[in-house]
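Student: I am new to this structure. Could you take me through it in short steps?
Tutor: Gladly. Have a look first, then ask.

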Amino acid sequence: MTEAPLIEIRGLVLTRGSVVVQRGLAFTVDRGRVFAITGQDGSGKRTLLRHMVGLDRPAQGEVLYSGESLWGGTEEDRERLKTRFGVLFAGGALLSTKSLLENVALHIRLHTSLAEEDVLDLARLKLALVGLAGFEHHHPSEVDASRRAWAGLARATALDPEILFLEEPTARLDPLAARRVDDVVRRLRDDLGATVVLVSSDLASLFSVADEAIFLDSESKTMTARGNPAHLRDHSPDPTVRAFLGGGQP
Amino acid sequence: MNATVLPGSRLSVSREGDLLAVGLRGTWSLREGLPPASDLDCALRASPPPRRVRVEGDALERWDSSLVLVLGRIQKACEDRGLELDLAGAPPGALRLLEMARGTVVPLVGPRREAPPLTEVIGLRAIGWAESLGDKLDFLGSTSLALGRMLVGRTRRLGLGFPLALQDAGVGTLPILAFIAFASGGILSLLALQQLDKLGGALLAPNLVAIVILRELGALTTGIALAGRLGSVNAAELATMVVGEETDALRVIGVDPFDLLVAPRVLALALMGPLLVLYANALGLLGSLAVGVGLMDVPAAVYIERTAAALTLKHAIAGLVKGVAFGFVVGMAGCYYGLRSGRSPGAVGKAVQAAVVTAVLGVVVADTVLTLFFKRVRL
């Protein structure tokens with residue numbers, strides 16, 4: 001008997017209000033991979049992420065983690081499944097009333113029984129890992145957008161999640177900072193064994209870290225390609241996919 | 001060789017001469033917590049102290065950040081005590097993360113300063129207040145110039161949306177103001193009739209109530225209603241535009257935000273203020289009549305006659321002037337805190353709070369100043 005894939009999407013139909021955003025989505029994500037979701041603006045990348053992390057209920061279809069349905073069980077089952085995730089929203093989505101340290105520590109405090117000293121030390125370690133040592137007591141409003149994004153990444157990885165969802169982690173970052181994010185993503189995969197689901201339109205990042213990608217098409221409202229990003233760029237039968245991954249070159 | 005290994009423990013220590021071996025075993029998981037490190041602490045403090053520490057991870061099965069945290073603490077303890085540390089036995093992945101955390105520990109901010117002396121604190125506060133006052137005067141000056149340009153028609157081509165601003169300040173405020181004014185007039189009438197009745201002067205109550213409404217209550221309720229409704233909305237709208245860099249975009253294309261955003265709002269409020277005061281006066285008098293006749297059994301004809309005797313132009317003008325002033329104060333407070341909000345995520349909320357508090361305070365201060373002024377000029 002083969003092991004169920006870590007993430008499985010079956011016949012997913014995504015809606016925003018009464019509007020169908022994507023339909024017929026079906027794919028699997030294997031453990032220890034960096035899996036990218038990409039596509040044009042308005043194609044539903046973010047909506048798919050929200051459905052995968054349990055924020056929105058799909059109109060049809062299923063999201064399964066190790067064979068267990070995210071929406072099939074009770075609220076408690078769903079909450080238990082969600083403790084396996086770490087999510088970085090675009091821009092960090094930090095609590096503005098708390099310091100960066102408290103933003104990370106709150107997450108650790110809620111989901112572990114660590115002593116307070118250990119909670120704070122671990123939060124400091126997580127901030128140091130993303131280059132924010134010395135900024136522990138700053139509030140989100142006191143740091144720039146890129147540091148807010150870094151702090152969001154520290155919070156998302158605070159509990160070494162089995163699955164890490166990253167929404168546009170390199171948006172608004174300079175190229176060097178963006179490559180540092182890619183480096184952190186690789187470390188999380190290689191050193192901590194995390195599976196990463198990356199929602200991104202940053203081509204450099206896709207080619208650098210993604211093992212596999214799907215392309216969501218905004219016109220046909222479905223997934224039109226799946227494979228290694230570099231391979232799709234060069235060999236996809238869909239000209240839109242080739243043009244998108246080729247940086248606009250037909 | 002002394003070894004301390006507790007059954008099921010993930011951390012063990014053993015001493016051989018001047019070498020302290022730290023054994024890592026089993027599965028390390030944040031959700032299971034950190035292993036007790038008391039034996040390690042004791043071993044590091046032992047006398048004579050070890051000179052070398054070696055980490056051995058051969059028996060390690062799985063690990064996460066909890067291991068990196070403990071390795072970091074061992075590293076720190078060794079540095080503090082000047083001990084030689086051999087981490088070669090730790091998992092390479094954990095060492096890479098440890099190095100990454102240390103490598104990024106750059107002094108991004110300077111060391112914390114000692115608390116400054118009291119004189120410095122007072123001096124800095126004084127400078128801050130002076131700068132803030134200067135900024136407010138600058139804002140007032142810029143607004144006055146923009147109002148001037150607007151009144152002479154130099155900003156007509158901007159499409160200021162002035163009628164909309166008038167409608168929002170005027171018609172939009174009517175429902176809430178009606179309720180506040182009617183209720184305030186009724187309460188005032190009730191109290192006045194009750195208290196003056198004890199002195200045998202109940203029939204003076206309608207006169208007193210009418211004068212208070214005309215000179216004070218109508219204007220004050222209008223000011224408070226405008227501060228709550230328009231002060232907050234103006235601050236939120238402008239702060240959102242600042243956060244979204246819309247005001248910068250205006251400046252780039254040569255439009256002064258004071259012309260487009262501030263002057264129409266302030267003028268609309270200053271114009272609608274007195275009209276709203278008239279409306280509040282009418283509703284307040286109606287409320288007082290309803291209570292006086294309905295609850296306190298004063299004959300309607302008597303109440304109306306006594307009220308009408310107090311309705312003089314002098315009292316009405318005092319209230320209307322206050323209406324202009326309160327509208328101006330509310331408009332300035334909302335626009336000032338909106339445009340000076342900054343760009344942080346919490347900027348809009350803070351701007352709204354500051355605008356409403358300042359507008360209410362400003363209304364009360366302006367009321368006090370005008371009341372003293374009217375006394376002086378016998379208005």
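Tutor: One definition to begin: two strands pair if DSSP finds at least two bridges between them. Keep in mind too that this is a predicted model.

Student: Over how many bridges do strand β4 and β5 of chain A pair?
Tutor: Pairing needs at least two bridges. Strand β4(A) covers residues 60-65, and its pairing with β5(A) is antiparallel. The number of bridges between β4(A) and β5(A) is two.

Student: Which strands are the edge strands of the open sheet in chain A?
Tutor: Four strands form this open sheet, and the pairing is antiparallel. Their order is β2-β1-β4-β5. An edge strand here pairs on one side only. The edge strands are β2 (19-29) and β5 (68-69) of chain A.

Student: At about what angle to β1(A) does helix α1 of chain A run?
Tutor: Find helix α1(A) at residues 45-52. This helix lies across β1 (7-16), β2 and β4 of chain A. Its angle to β1(A) is about 120 degrees.

Student: What share of the residues of chain A count as buried?
Tutor: Chain A holds nine helices and ten strands. A residue is buried if 20 or more other C-beta atoms lie within 10 Å of its own. Chain A has 250 residues, and the share that counts as buried is 46%.

Student: How many of the twelve residues of α5(A) are buried?
Tutor: This helix is mostly covered. Its buried residues include Arg147(A), Trp150(A) and Leu153(A). Among the elements covering them are β6 (85-88), α3 (100-111) and α6 (175-192) of chain A. The number of buried residues in α5(A) is ten.

Student: What span should helix α5(A) have?
Tutor: Helix α5(A) runs over residues 145-156, twelve residues in number. The expected span is 1.5 Å times one less than the number of residues.

Student: Which element supplies the largest share of the side of chain B that touches chain A?
Tutor: The contact takes 22 residues from chain B and 22 residues from chain A. On the chain B side, α2 (65-81) and α3 (92-103) each supply at least two residues. The largest share is five residues, and it comes from α3(B).

Student: How do the residues on that side of chain B divide into nonpolar, polar and charged?
Tutor: Take the chain B side of the contact, 22 residues. They divide into twelve nonpolar, seven polar and three charged.

Student: Which residue in the turn between β2(B) and β3(B) has a positive phi?
Tutor: Strand β2 (residues 11-16) and strand β3 (residues 19-27) of chain B pair in the antiparallel sense over six bridges. They form a hairpin with two residues between them. A phi of about 65 degrees belongs to Gly17(B).

Student: In β4(B), which residue is the bridge partner of Val22(B)?
Tutor: β3(B) also pairs with strand β4 (residues 52-62) of chain B. That pairing is parallel, over eight bridges. The bridge partner of Val22(B) is Val55(B).

Student: Why does Gly228(B) count as partly exposed?
Tutor: Gly228(B) is found in helix α7 (residues 205-243) of chain B. Buried needs 20 or more other C-beta atoms within 10 Å, and exposed needs 12 or fewer. Gly228(B) has 17, so it is partly exposed.

Technical notes:
Residues numbered from 1 in each chain as written. Chains lettered and ligands numbered in written order. Predicted model: local features only at pLDDT ≥ 70, side-chain atom pairs only at ≥ 80, totals over all residues. Contact = placed C-beta atoms within 7 Å. Nonpolar A, V, L, I, M, F, W, Y, C, P; charged D, E, K, R; others polar. Axes fitted to C-alpha atoms, helices over the stretch in contact; angles between N-to-C directions.
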